[in-house]
Amino acid sequence: MRLQGSIQHKACADGSYMKEYQIDEPLSKEFFEYLKYFGRVTALEEMGDGYYNFEKPNWFSIKGFAGDQTVEVRFKRETMEITTDFLYLLFSSFKEGADIAPLKEKEKFRQKRIAELLGI
């Protein structure tokens, strides 16, 4: 699965930066299951069947409906430069049975940089 580019973006009142991306194949429940290795995923049933939210504090959140070919990502503005490439890696590395160990190493490296930047 690949992000094909931002089709909409804006600065939000809460200080985050939102980008809506076009993707080359529909979102799936399995994709959000995969994201559980990297943060918290919730199914928001009040928004309709198949609506999911992924949160990775101080990084970004991903929201979308299974079956859609667009996804909304909200970045923490201060860490966006560090985390954007990891977002692309999450999408491009997704496939059933994928080895997530290399991604976990890349995640650990970025987490250290974020902690230094934010002083946490």
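1. Helices (H or I, at least four residues) and strands (E, at least two) are DSSP runs, numbered from the N terminus. Asn53 belongs to strand 4, which covers residues 51-56. This is a predicted model, in which local features need pLDDT of at least 70, side-chain atom pairs count only at pLDDT 80 or more, and totals for chains, interfaces and linings use all residues. Residues are numbered from 1 along each chain as its sequence is written, and side-chain values use heavy atoms, with hydrogens and water left out.

2. Asn53 is buried at 8% relative accessibility; buried means under 20% relative accessible area, exposed over 50%, and partly exposed in between (1.4 Å probe, protein chains only). Its side chain makes a polar contact of 3.2 Å with that of Glu55. A polar contact is a pair of N or O atoms within 3.5 Å; within protein, one must be able to donate a hydrogen and the other to accept it, and residues adjacent in sequence count only if both atoms are side-chain atoms. Leaving aside residues up to four places away in sequence, Asn53 touches Arg40, Val41, Thr42, Leu44, Ser61, Ile62 and Lys63 (contact: heavy atoms within 4.5 Å).

3. Rings of Phe, Tyr and Trp (its six-membered ring) pair if their centres lie within 6.5 Å; planes under 30 degrees apart count as stacked, over 60 as edge-to-face and the rest as tilted. The count is 14 aromatic pairs. Tyr21 and Tyr88 form an edge-to-face pair, because their ring centres are 6.0 Å apart and their planes stand at 85°. Tyr21 is in strand 2 (residues 16-23) and Tyr88 in helix 2 (residues 80-93), so the pair ties together parts 67 residues apart in sequence. Tyr21 is buried at 1% relative accessible area, whereas Tyr88 is partly exposed at 34%.

4. Helix 2 has 14 residues. Its buried residues are Met80, Ile82, Thr83, Phe86, Leu87, Leu90 and Phe91. Seen down the helix axis, they fall within an arc of 150°, so they line one face of helix 2 (the arc is that of the directions from the helix axis to the C-beta atoms). These buried residues pack against elements including strand 1 (3-11), helix 1 (29-35) and helix 3 (101-118).

5. Phe94 sits in the loop between helix 2 and helix 3 and is buried, at 14% relative accessibility. Phe94 is part of one aromatic cluster, whose members include Phe31, Tyr34, Trp59 and Phe91. Beyond residues up to four places away in sequence, Phe94 touches Met1, Ser28, Glu30, Phe31 and Tyr34.

Definitions and conventions: The expected span of a helix is 1.5 Å times one less than its number of residues.
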